[in-house]
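Hi,

Here is the structure I promised to send over. Have a look at it first, then read my notes below.

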Amino acid sequence: MRIILKNKSDVPIYEQIEEQIREQILTGIIAEDEQLPSIRQLARDLKISVITTTRVYNDLSEEGFIISAAGKGYFAAPRNNELLRERMLCEMEEGLEKAVTSGRNAGLTDDGIVEALKKIMKGEG
């Protein structure tokens with residue numbers, strides 16, 4: 001597992017870690033059922049507080065990305081997990097709502113917003 005922290009980012013450290021772990025689980029870089037570093041080990045590796053890594057693991061566990069096995073540690077949840085899928089759909093919808101609001105605020109029509117989305121999906125935007 002590789003985590004890169006940007007101290008000058010406006011995004012809090014715990015969110016940076018959560019986002020990177022989520023992405024690695026979704027893309028298969030972290031395999032299903034793969035054991036994650038312990039909370040203390042991750043804190044040592046990243047040179048951050050144990051409180052921060054505890055929050056990261058608790059948040060990811062609540063979201064269904066990782067599971068806790070008592071006495072054994074944390075493991076990547078299966079990617080076909082329905083809860084995980086629902087969470088990702090919810091995040092997508094929230095992002096699309098923000099994009100539509102921004103597009104309308106910029107004076108775009110609904111057709112203009114749809115065209116912009118199509119360009120992004122094709123990798124043109």
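The side chains of Arg 22 and Glu 63 meet in a salt bridge, with N and O 2.8 Å apart. By salt bridge I mean a side-chain nitrogen of Lys or Arg within 4 Å of a carboxyl oxygen of Asp or Glu. Before you go on: this is a predicted model, where local features need pLDDT of at least 70 and side-chain atom pairs count only at pLDDT 80 or more, while totals for chains, interfaces and linings use all residues. Residues are numbered from 1 along each chain as its sequence is written, and side-chain values use heavy atoms, leaving out hydrogens and water.

Back to that pair. Arg 22 sits in helix α1 (residues 13-27) and Glu 63 in helix α3 (residues 50-63), so the bridge ties together parts that are 41 residues apart in sequence. (Helices are DSSP runs of H or I, at least four residues, numbered from the N terminus.) Arg 22 is buried, at 13% relative accessible area, and Glu 63 is buried at 13% too. Here buried means under 20%, exposed means over 50%, and partly exposed is in between, using a 1.4 Å probe and protein chains only.

How many salt bridges does a search of the whole structure find? It finds 5. One of them joins the side chains of Arg 104 and Asp 110 at 3.0 Å, N to O. Arg 104 is partly exposed at 49%, and so is Asp 110 at 43%. Glu 115 also has a partner, Lys 118, with the closest N and O atoms 4.0 Å apart. Both lie in helix α5, 3 residues apart, which is about one turn of the helix. Elsewhere, salt bridges that share partners join Glu 18, Arg 22 and Glu 63 into one network.

Now the surface. Met 92, Leu 96, Leu 117 and Met 121 form a nonpolar patch with about 390 Å² of accessible area together. Patch residues have over 30% relative accessible area and no salt bridge; like charges are joined within 9 Å, and nonpolar side chains (Val, Leu, Ile, Met, Phe, Trp, Tyr) within 5 Å. Areas come from the Shrake-Rupley method with a 1.4 Å probe. Helices α4 and α5 (110-122) each supply at least two residues of this patch. Leu 117, in α5, is partly exposed at 37%.

There is a negative patch too, made of Glu 82, Glu 86, Glu 91, Glu 93, Glu 94 and Glu 97. Asp and Glu count as negative, Lys and Arg as positive, with His and the chain ends not counted; the place of a charge is NZ of Lys, CZ of Arg, CG of Asp or CD of Glu. Glu 82 belongs to helix α4 (residues 82-105) and is partly exposed at 47%.

Cheers
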